[in-house]
Amino acid sequence: MTVLRTALESRTTALATPMPRVLRPQRAMPADAVRPTRAEVHLGHLRHNFQVLRRAARHAEVWCVLKADAYGHGSKAVARSLERAGATGICVALLEEGIELRDAGIRVPILVMGGYYGGATGELLRHELTPVVHDVTAVEAIADEVRYQATEPVPVHVKIDTAMSRLGARPEHVDAIGEAIQRRPELAVEGVMTHFACADGGDLESVDHQLELLDQATATLARLGLPPRVRHAANSAALLRTDRALLERVRPGIALYGVEPFPGLCAQLRPVMRVRTEVVALREIPAGQPVGYGATWRAARPSRIATVPMGYADGLSRGLSNRGQMLVRGRRVPIVGLVSMDLTMIDVTDVPGVALRDECVVLGHQKGPLGEDAISAVEVAAHLGSIPWEVLTSVSRRVPRFYREP
Ligand SMILES: *Cc1c(COP(=O)(O)O)cnc(C)c1O
C-alpha cells in the first residue's frame, strides 16, 4: 500500500508543471538559536535610511536593492518592512531571490538585474518578475515563453554596458537588441539602465561619460519606436553624490543598510546590522603561552583570554586574526591568535571585570559600564583589504537574524 501510494505520488509530481530546482538555503532561525551569536537587524534604522535616500533622490523613484538576501540582512523581513514604508519597487540579482520574495507575499514590482534565467523563464513570468535583458538570446527566450503562456506583453529593462565590461549590450549593439525587441510584440521596453563603475571614488567625469552613453542608447531605442518609460543608473554612491545621476529611478543598496559608500558622504545613515555574541570561556595564561592554531600569538605578559563562539564559518573572516577587534563592556579589545571555524579568542587583560556571558560586539555599537564605541563595516573591511559590501554579505546562515522594531 505504502509502495503504491509513493509510486502514485511520484507520478503526480512528475506530471505537474516542471518546477526548476531553485536554491532556498535555510538559515538558522531565532527560535532554534542556542548559541548567543546573532545578528540584530534594526528595521527602524532601515526605514530611516530609506527616507533619507528618498529625500536625496528628489523626484526619482527609489528602488531598493535587496540582492544577496538584502546584503545579509534577510530579504523577506527587509522587503516587508520597506513595502510597508512605501517602497514602490525592489531590485534583486537572481531569479531565485525574486521568487523568494513573491513566495513571502511581496507585491511590489521586482526587477531581476542579473539577467540570467537559464531554463526558468517560465518561473520569471509566473511570479510576475521584471526581467533585465542584455542580449538577443534573452529577448528571444522570454518572448517565446510569453507566447507559450499566452500572457500580456512583458515589460523588460534593457541593460547597457557603458563602462563595466560586465553585463549589458555594448553601445554598438543597442541597435541589434532594439531590433530584436521590435520584432517581438511579446515584449515591451519599460526601462533602460546601466551601472556605474567609478561612482564611489575620484571625480565624476566617468559618471558623466556613462550617462552620455546611456542617453545615446535611449535615443537609439526611441528611434526604433521603443522609448523607455524610465532610465536608471545610480547606485548609493551616485545617488548621494550628484543629482545628474538620478534620472527617473535610483537603485541604492549599501546606503539602505546604513553604510556610506565612502566616508563623509551622508552622515545621516544609521547602521542596520549589529552582530554580537558572548564570552563562553575565560582563562588566565602566563607570559609566553600561545593562543590558537599555529601558536601565531603568544602572551607578552600574564594575560586574560576570553573565548567567543563565532568563527570564520559564521562570517568572522580569518583575515581578522591578530588584527581585528571586538567590543566588551564598552571597550575595544584585540582578536588574538588565528580565528578558527567556530571560535575566536580576544585579549581582555585590560578590561576590568569581564565575566562569562558578557556581550561581545563584532559589528556595530556597544554601550557598556566602561564606555561606548562602535565597530563599523567600513572598519572591518579596512582590516581585511575588502569592502563593507563583502563584510555584510559574509555573515553566514549559521547566524540567526533577530529583527528589532523600535
Ligand atoms: C548592487 C547593485 C546596485 C546597488 O549598489 P550599492 O553600491 O550597494 O548601492 C545597483 N545596481 C546594480 C546593477 C547592482 O548590481
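**Figure 1. Salt bridge between Glu405 and Arg47.** In this predicted model, the side chains of Glu405 and Arg47 form a salt bridge with an N to O distance of 2.7 Å. Arg47 belongs to helix α2 (residues 43-56), whereas Glu405 lies in the segment after β21 (401-404), so the contact ties together parts that are 358 residues apart in sequence. Glu405 is partly exposed, with a relative accessible area of 39%. Arg47 is likewise partly exposed, at 22%. The pair belongs to a structure in which a search finds 28 salt bridges.

**Figure 2. Salt bridge between Arg301 and Asp347.** The closest N and O atoms of Arg301 and Asp347 are 3.8 Å apart, and the two residues form a salt bridge. Arg301 is in the loop between β14 (297-298) and β15 (303-308), and Asp347 is in strand β18 (residues 344-347); the pair thus links distant parts of the chain, 46 residues apart. Asp347 is buried, because its relative accessible area of 10% falls under the 20% limit. Arg301, at 33% relative accessibility, counts as partly exposed.

**Figure 3. Salt bridge between Glu172 and Arg170.** Glu172 pairs with Arg170 in a salt bridge whose closest N and O atoms are 3.7 Å apart. Glu172 counts as exposed, because its relative accessibility of 53% is over the 50% limit. Arg170 counts as partly exposed, with a relative accessibility of 34%.

**Figure 4. Network of salt bridges.** Arg38, Arg274, Arg276 and Arg357 are among the members of a linked network of salt bridges. Glu40, Glu278 and Glu359 also belong to this network. Side chains of opposite charge can pair when their charged atoms come close.

**Figure 5. The second largest pocket.** The second largest pocket holds about 600 Å³ of space. Its lining comprises 27 residues, of which Lys67, Tyr71, Arg166, His195 and Trp389 are the closest to the centre of the pocket. The elements that give two or more residues to this lining are α3 (67-71), α10 (236-241) and α12 (388-394).

**Figure 6. Residue classes in the lining of the second largest pocket.** By class, 15 residues of the lining are nonpolar. The lining also has six polar and six charged residues.

How values were computed. Residues numbered from 1 in each chain as written. Predicted model: local features only at pLDDT ≥ 70, side-chain atom pairs only at ≥ 80, totals over all residues. Heavy atoms only, no water. Salt bridge = Lys/Arg side-chain N within 4 Å of Asp/Glu carboxyl O. Helix = DSSP H or I, 4+ residues; strand = E, 2+ residues; numbered from the N terminus. Buried < 20%, exposed > 50% of the residue type's maximum accessible area, 1.4 Å probe, protein only. 1 Å grid on protein atoms, 1.4 Å probe; cavity = no way out; pocket = protein on both sides within 12 Å on 5 of 7 lines; lining within 4 Å. Points joined across faces, edges and corners; volume = space filled by probe spheres on them. Nonpolar A, V, L, I, M, F, W, Y, C, P; charged D, E, K, R; others polar.
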